[in-house]
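Dear colleague,

I am handing over the structure below, together with an account of what was found in it. Please read the notes with the coordinates open beside them.

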Amino acid sequence: MPQGNGSQGGNGGGYSYRSSGTNSQGNHYCSRDYGSSAPNPNSYHYSNTNGSYYYSNPNGSTYYANPNTGAANYNPPSNGKQ
């Protein structure tokens with residue numbers, strides 16, 4: 001599997017790609033494996049056809065934004081570390 005460094009929302013560690021593609025609604029997704037030491041080892045993101053996007057980050061935080069409407073929502077990790 002391809003390897004990488006860094007991430008949106010940051011964990012600082014490397015990752016392996018798990019899968020990526022387009023779901024039945026036409027939204028792009030990408031899933032990554034950050035290993036067992038990450039609070040959320042199976043992180044992923046969606047880029048939606050309406051212009052919005054969603055990240056489930058390796059540090060346990062989540063982020064949603066829709067530039068078309070101005071909506072944005074960040075949920076910090078449950079351990080309080082950002």
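Is Y54 buried, partly exposed or exposed? At 25% relative accessibility, Y54 counts as partly exposed, where buried means under 20% relative accessible area, exposed over 50% and partly exposed in between, with a 1.4 Å probe and protein chains only.

Before the rest, a word on the basis of these values. This is a predicted model, in which local features need pLDDT of at least 70 and side-chain atom pairs count only at pLDDT 80 or more, while totals for chains, interfaces and linings use all residues. Residues are numbered from 1 along each chain as its sequence is written, and side-chain values use heavy atoms, with hydrogens and water left out.

As to the overall picture, the protein has zero helices and seven strands, and its elements run β-β-β-β-β-β-β from the N terminus on; helices (H or I, at least four residues) and strands (E, at least two) are DSSP runs, numbered from the N terminus. Of the 82 residues in the protein, 28% are buried. The protein exposes about 4900 Å², of which carbon and sulfur atoms supply 45%, the areas coming from the Shrake-Rupley method with a 1.4 Å probe and, for residues, with only the protein chains shown counting as cover. Among contacts (heavy atoms within 4.5 Å) between residues at least 6 apart in sequence, 13% join residues at least 24 apart.

Turning to the strand pairing, for which DSSP has to find at least two bridges between two strands, β2 and β3 pair in the antiparallel sense over six bridges, and S20 has C30 in β3 as its bridge partner. These two strands form a hairpin with five residues between them, and G26 in the turn has a positive phi of about 85°. Strands β3 and β4 also run antiparallel, joined by six bridges; here the bridge partner of S31 is Y44 in β4, and Y29 stands opposite Y46 in β4. Four bridges join β4 to β5, again in the antiparallel sense, with H45 bridged to Y55 in β5. The hairpin of β4 and β5 has five residues between the strands, and within this hairpin G51 takes a positive phi near 95°.

The aromatic residues deserve a separate paragraph. A pair of aromatic rings is described by the distance of the centres and the angle of the planes. Rings of Phe, Tyr and Trp (its six-membered ring) pair if their centres lie within 6.5 Å, and planes under 30 degrees apart count as stacked, over 60 as edge-to-face and the rest as tilted. A search of the whole structure finds seven aromatic pairs. In one of them, the rings of Y44 and Y54 have their centres 6.0 Å apart and their planes at 35°, so the pair is tilted. Because Y44 lies in strand β4 (residues 42-47) and Y54 in strand β5 (residues 53-56), this pair ties together parts that are 10 residues apart in sequence. Y44 is partly exposed, at 33% relative accessibility. The rings of Y53 and Y63, with centres 6.2 Å apart and planes at 45°, likewise make a tilted pair. Y53 lies in strand β5 and Y63 in strand β6 (residues 62-66), so this pair, too, ties together parts that are 10 residues apart in sequence. Y53 is partly exposed at 28% relative accessibility, and Y63 is partly exposed at 24%. One aromatic cluster is formed by Y29, Y44, Y46 and Y54.

Which charged end sits over the ring of Y15? That of R32 does, 4.3 Å from the ring centre; the criterion is that NZ of Lys or CZ of Arg is within 6 Å of the ring centre and within 35 degrees of the ring normal.

The search of the whole structure also finds one salt bridge, defined as a side-chain nitrogen of Lys or Arg within 4 Å of a carboxyl oxygen of Asp or Glu. The salt bridge joins the side chains of D33 and R18, at 3.8 Å from N to O. Because D33 lies in strand β3 (residues 28-33) and R18 in strand β2 (residues 14-22), the pair ties together parts that are 15 residues apart in sequence. D33 is partly exposed, with a relative accessible area of 27%, and R18 is partly exposed with 44%.

Finally, N79 lies in the segment after β7 (71-75) and is partly exposed, with a relative accessible area of 47%. N79 and S61 are 18 residues apart in sequence and 9.6 Å apart in space, C-alpha to C-alpha.
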